[in-house]
Amino acid sequence: MKNLFSLLLLVVCCCTAFAQQSARVTVRGSIVDTASVVMPGATVMLLTPKDSALVSFGRTSDKGTFEFRNMKRGPYILKVSYVGFLPLQKEFTPDAGDITDLGALKIKPIQKELFEVVVKTARAPLSIRGDTIEYNASSFKVPPGSSVEELLRKLPGMQVDQDGNIKAQGQTVQKVTVDGKQFFGADPKLATKNLPAEAISKVQVFNDKTEAAKTTGIDDGKREKTVNLELKESHKKGGFGKVTAGIGTKERAQVRGNYNRFNQKEQFSVLGFANNINQTGLSFDDYQDFRGSQSFNWQDNGDFGFNSGFYYFGGDDGNGIGIPINGGNSSNRGFSRNYAGGGNYNYDTKKTKLSSNYFFNQTGQTFDTDLNKETFLPNGSFLTLEKSNRSTLNNNHRASARFEKNLDSLNTLVIIGNARFNNGTERFSSTQNFFRGMSRETPSSLTEINNRNSFSAFQLASTAIYRHKFRKKGRNFAASLSYNINDTDGSGNQQSNNRYFDDTTSTGPPASFRLNQDNMTSSLRNELKSSLDFIEPLSKTVSWETFYNFSFRTDRVDRDVFDVSDQGRIRNNSLSRYYTNDFTYNRIGTSVRYSNKGLNVSGGLAGMWFNQAGRFAPDQTASTFTSVNRSFFSVVPNVTVYYNMKNRNLNANYNVDVRQPSTADLQPVIDNSNPRFIREGNPNLLPQLTHRVSAGFNTYNPGSFVHFYSNVNFGYNINQIVYNQTVDERLVTTSRPENIDGGKNFGSYLGFGFPLKKTKATLNVYSSLNFGRNPTYINNVLNQTNTNYYNFGLNLDLTPSEKFTLYPNFNWNLTDTRYSVNKTQNLQIYNFRYGGDLNVQMPGGIYFNGRLNYQIYKNEKFGFNQQLPILNLSVYKLFLKDNKAEVRLSAYDVFNKNQGITQQAYQNILQTEQVQTLARYFMLSFTYNVRGLKSQMRRNNGW
Amino acid sequence: MKKLLFFLLIFAGIQARAQELRGVVTYEYSQDWIKIASRLPYLSLDQKERIKSTYKNYTGSKSIMKLYFNADQSLYSYESDYTRSEDGRWSWRNSDYVIRRDFKQGTRTEIIEMLGKTFIVEDSLAEPKWKILNQLKDIAGHVCMKAETDDPIKSQKITAWFAQDIPVSAGPEMYYGLPGLILELDINDGDVVVTATQVELKDVSKELAAVKKIKGKKIKAAEYDKLLTDHIKTAIKAQENPYWTIRY
């Protein structure tokens with residue numbers, strides 16, 4: 001299409017005042033270059049001089065002419081732009097006539113080197129503002145460690161001579177400023193010779209008024225060539241810190257503080273706390289302040305492949321190696337004294353990320369416990385009343401380091417190391433009275449226990465992960481290698497006195513049995529793991545994953561038990577053990593994944609092979625060892641579906657969990673630390689398999705804020721690890737883990753939330769149901785414990801104003817437990833919770849917070865009815881500039897009702913436990929935060 | 001006070017230039033949630049700095065957008081209705097977002113999913129009030145000039161870089177009306193950056209003519225603006241990030 005004229009309709013702004021007639025003018029002119037050659041196709045813009053607002057625009061004709069018709073009369077800026085030329089700017093006010101001819105306007109080419117280097121090659125914004133030229137420093141490569149002087153030498157239009165004198169566009173630079181300020185005296189060379197080039201983000205060159213003119217305020221018309229250096233954000237440093245100290249009644253006290261220093265690349269922080277108000281770990285905020293950019297790391301798991309058949313350790317193995325976080329809540333059990341402190345350093349660039357930290361904590365805890373436990377047997381039941389005291393002191397030194405390197409755009413390496421050295425002591429004393437049946441009149445036996453233990457342990461968990469992306473998009477390879485070690489030495493002394501009042505086998509005084517034993521256990525566990533993973537895209541929507549996991553673990557445990565008597569220590573060969581266990585695990589699997597149009601489906605199969613080879617004897621010098629060699633092979637499927645639709649999503653999963661028995665369960669060791677409840681290990685245990693199917697559906701309407709969540713899941717256990725019990729005539733329980741099939745669980749969750757009144761009131765209701773069946777053998781009789789759990793609750797968020805918020809919550813919970821072994825013991829436990837959180841802003845910057853948690857425990861069968869209203873109140877005031885300081889008066893457990901009660905029904909046991917814990921106290925605390933504090937009127941909804 | 005203006009544009013003998021005035025631009029749309037969070041008035045400095053320091057290595061999300069244009073029309077939307085993760089193993093739905101402009105007739109048709117619904121805004125064009133600045137920079141091989149405007153509803157500072165050598169008024173997102181094609185758009189100093197990665201000058205009449213059927217509620221521009229204003233006000237009051245549910 002060739003158009004001689006084209007009409008372009010431009011609506012700049014539609015307003016009314018069309019009426020002002022003769023206020024119209026036509027502006028015309030032409031554009032030529034420095035050689036007076038006409039410039040067709042140049043962009044011509046009319047701007048208002050006041051704010052450079054665009055009024056109209058067009059392009060020059062083939063004769064280089066332009067014309068703006070019917071323009072409102074007034075001053076304008078005419079701006080001309082053309083590729084390769086300096087933008088031209090001309091201010092004018094139209095003449096009196098109807099037509100203003102600006103004549104031939106000359107545009108100058110941008111210096112070729114400036115244009116090529118700065119605008120084209122370096123892809124850098126070159127700013128030409130009046131006579132200021134701005135260079136983007138990062139676009140000009142200088143060797144690391146260079147001074148600004150060397151950077152200036154690289155800039156087009158700048159010259160630096162041997163003595164460091166600077167010339168810009170041929171003129172000598174008289175002044176160098178940094179962020180607009182003079183840099184140590186008047187010599188411009190001082191800044192350029194001393195500042196590192198990498199600290200500079202921009203270099204600006206312009207003509208500035210003289211210092212004399214600036215100080216006197218009289219413009220003498222003289223201008224000095226000035227260079228201003230703008231510092232990078234990364235070279236602007238920051239630091240902040242926070243400290244809280246409080247003192248209360250009943251000798252309660254707390255102090256905590258942290259300090260952070262950071263710039264763009266580095267974060268450094270230290271943190272410490274001490275308290276006796278049961279805060280054993282960090283709050284999430286403190287944790288994030290401490291760990292900074294390394295608070296959360298995804299993809300640090302070296303175990304590749306789908307979940308099915310992936311084997312993980314249950315129980316206590318491998319826990320506690322990370323920094324303790326408890327969300328800033330006080331524990332509701334016992335009393336504790338806590339001390340902690342540590343430091344963290346992070347270094348982050350696009351290519352390299354390094355983090356390391358050290359953290360120490362000491363926790364001393366005391367538990368005074370009243371336990372009321374009923375145990376059901378096929379032919380009756382018995383009752384245990386126990387009063388016990390446990391005090392522990394644990395020290396943990398933790399160190400961790402993480403290194404991530406993007407070797408290039410296709411290769412990444414991550415190395416993680418976590419180590420913990422810990423030691424601790426424990427003292428435990430207890431008095432247990434045993435009653436046959438439900439009678440509490442005459443005890444059938446009495447046991448007193450007095451145990452002491454100490455241990456020291458070292459753990460290390462290290463992983464290296466290498467990931468490679470192939471040039472073919474979607475083809476990926478990953479390999480990982482892990483080495484873990486756990487070396488623990490423990491020793492203990494166990495004393496107990498057991499008296500059996502109704503023992504019919506003896507005559508005369510009650511049969512009694514004393515135990516006084518020393519034990520020493522040293523255990524060493526080593527584990528080597530490796531995984532490989534390869535993903536091949538088969539098409540745009542289908543990819544195929546293949547993985548292999550390997551693990552080899554060896555346990556070596558040497559336990560020596562001695563009977564202590566007046567004659568000295570005699571080795572107890574029935575309780576002493578030396579054993580080794582080697583576990584080999586291999587899994588190979590493959591899966592196909594389809595991802596298209598919001599639907600993501602994957603399905604696969606894996607074969608897993610597991611072998612355990614152990615040998616044990618009373619002593620390592622024993623001539624005969626008992627051998628255990630067990631292995632099994634299983635094919636496990638895995639299916640996942642995730643479908644993302646408008647305002648809703650659907651998910652479904654089928655997988656098989658494999659749970660490796662804990663070390664304590666596997667070891668052929670008899671733990672008689674409680675002589676009335678003896679735990680035996682079982683070296684023949686196999687891993688537990690759980691087939692699990694789950695499905696969920698969620699909708700959320702962001703317009704009406706209505707949301708709905710639902711989930712159902714079903715699990716079926718094969719080789720479930722259960723604790724079979726045998727109770728002898730004397731009511732001594734022996735518990736031994738065994739594998740059993742047939743345990744299952746069905747669960748569901750429904751949640752629904754909607755605003756009653758937008759921004760003022762929101763209601764959330766939810767309900768969960770859970771039906772579980774767990775088999776166990778009690779005195780060799782199979783017992784099925786059916787536990788039905790019904791839960792319903794609602795939360796209300798009332799936020800009527802900025803000065804008043806209230807968050808009531810209600811929860812009703814029924815646990816219905818049925819024992820097949822003894823139906824008369826079936827029972828229902830009710831737990832009700834009514835809570836609320838009230839915030840009020842009062843005049844004078846004073847805030848009030850009240851928090852109620854009213855718990856009711858009911859068990860009609862046992863006539864148990866506990867009502868525990870726990871009320872916490874606090875008043876606080878923010879002060880100083882930016883609310884940097886806070887003073888707070890708090891009352892904890894105003895009604896003095898905190899009793900640490902828990903009630904549980906499981907297996908063949910119903911128990912109520914009461915642990916003495918922090919009850920009513922008052923505390924006055926002071927907080928100072930450099931970044932300022934905020935009233936907690938609202939619950940944080942996330943950001 | 002500005003008025004309705006007519007401007008006569010004269011091209012003489014600019015051969016083939018008219019043919020160059022059509023094509024397709026591929027943009028990379030990147031959004032920095034951390035920067036956006038740090039503007040929320042209800043978060044304290046402590047919270048903002050914590051968010052910044054914790055998530056500094058995971059700041060943004062990216063998607064690919066396409067702009068089809070000729071001298072009279074433009075069509076801007078996601079490259080596809082679904083986004084696929086970089087490794088190809090995840091696919092998720094994109095919100096409806098189709099911005100259509102007709103410069104000749106002065107009309108716009110915008111299909112925008114927000115607040116859980118799809119709206120179809122049909123109205124006349126209302127051109128942003130641009131200021132022209134002096135900076136130059138090269139984007140996808142085109143030298144661009146800087147212009148600025150602002151969005152009074154979302155209180156955003158908009159920086160656009162328009163090509164000196166593609167004299168078309170089209171642009172990405174809701175922006176247009178400059179003497180050249182907008183190749184980069186920067187909302188609030190980097191909260192959102194839409195940068196052209198490829199500019200292809202070719203015939204796109206088929207793409208411009210294709211009309212995808214999307215159901216939605218038809219509203220006028222004023223109603224749409226009111227919806228936005230109300231939502232932002234309500235969300236801030238409820239201490240929720242308004243931009244989780246509307247486009248930034």
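Leu924(A) is partly exposed, at a relative accessible area of 46%. Partly exposed sits between buried, under 20%, and exposed, over 50% (1.4 Å probe, protein chains only). Leu924(A) lies in strand β51 of chain A. Strands here are DSSP runs of E, at least two residues; helices are runs of H or I, at least four residues; both are numbered from the N terminus.

A word on the source. This is a predicted model: local features need pLDDT of at least 70, side-chain atom pairs count only at pLDDT 80 or more, and totals for chains, interfaces and linings use all residues. Residues are numbered from 1 along each chain as its sequence is written, and side-chain values use heavy atoms, leaving out hydrogens and water.

Strands β48 (885-892) and β51 (921-929) each supply at least two of the patch residues.

Step back to the whole chain. Chain A has 6 helices and 51 strands. Its C-alpha atoms fill a box of roughly 135 × 65 × 65 Å along the principal axes. Of its 943 residues, 47% count as buried. Chain A exposes about 44,700 Å², and carbon and sulfur atoms supply 55% of that.

Note on methods: Chains are lettered from A and ligands numbered from 1 in the order in which they are written. Accessible areas come from the Shrake-Rupley method with a 1.4 Å probe; for residues, only the protein chains shown count as cover.
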